[in-house]
Amino acid sequence: MSTSELNHIADQLLAILKEMRSYTSMTLGSITGGPYNNRFMPYPWHPPHAFSSIQEYLDYYRTIFLDFCGQEFVDELFSCLPTEAKVCLTHGDLLPQNILIEGSTITGIIDWETAGYYPEFWEYCRMYDPGLMTPAWAHVLARIFPGPRREKEIGAVYRILRYLHYNDICFV
C-alpha cells in the first residue's frame, strides 16, 4: 500500500479508537460486567470476577506469576505497567488480520472475543504485538500513536500473555 493509503487507514483506526475509548467503565472485565472471558486468560488463570481497579487487576496476575516465577522477575515485569490509566472499551486483538479493508477504507472489524474493559495501555500494547509487526503496520501505528514507543509496557504485556496463553513457566 502507498503511504497515503496507510495514512488513510491509520486515520480511520484513530477515529475508531477514539470512539471506543469514549465508552468507559468503573470495573475491568467483560462487556457485560462480569469477569474476562477470553483465550488470553485461559483456565486456571481465568479471573473469577471483574476487577474494581487497575491495581486489583494487576495484583491478581502478579499473584499468579509469583506461583511459578521468581519475585525479582515478577516485580520487574509488573513494574512496567501503570496502575493509573483510563479504563475503556477495548477490542483486545485489534491487529491487521482483524481489520477488513477494501482499497484503503476500513469496512469492518472482526473477532471481538477478547473485547472488554481494560486499562488504556492494553489495546496500545496488543496493537504492537511483536510477532505481527510489519513495516506497513509500524507506519500505521506511528501515525496513530505519535511519540516514542512504550517498549517496557509492550514487552510486559507480551510476556504476560505468552506465559498465560502458552502456560510457559519461567525459572528466574
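View 1. Asp75 has a relative accessibility of 33% and counts as partly exposed (between the limits for buried, under 20% relative accessible area, and exposed, over 50%; 1.4 Å probe, protein chains only). Arg62, at 23% relative accessible area, is also partly exposed. The two form a salt bridge whose closest N and O atoms are 2.0 Å apart (a side-chain nitrogen of Lys or Arg within 4 Å of a carboxyl oxygen of Asp or Glu). Arg62 in helix 2 (residues 54-66) and Asp75 in helix 3 are 13 residues apart, and the pair links distant parts of the chain. Helices are DSSP runs (H or I, at least four residues), numbered from the N terminus.

The model is predicted: local features need pLDDT of at least 70 and side-chain atom pairs pLDDT 80 or more, while totals for chains, interfaces and linings use all residues. Residues are numbered from 1 along each chain as its sequence is written, and side-chain values use heavy atoms, without hydrogens and water.

**View 2. Two sides of helix 3.** Phe73, Val74, Leu77 and Phe78 are buried in helix 3 (residues 71-79). They lie on the same side of the helix because they cover an arc of only 110 degrees around its axis (taken from the directions from the helix axis to the C-beta atoms). Exposed Glu72 and Ser79 sit on the face turned away from the buried side.

**View 3. Salt bridge between Glu120 and Arg150.** The closest N and O atoms of this pair are 3.3 Å apart. Glu120 is in helix 4 (residues 120-127) and Arg150 in the loop between helix 5 (135-144) and helix 6 (151-166), so the bridge ties together parts 30 residues apart in sequence.
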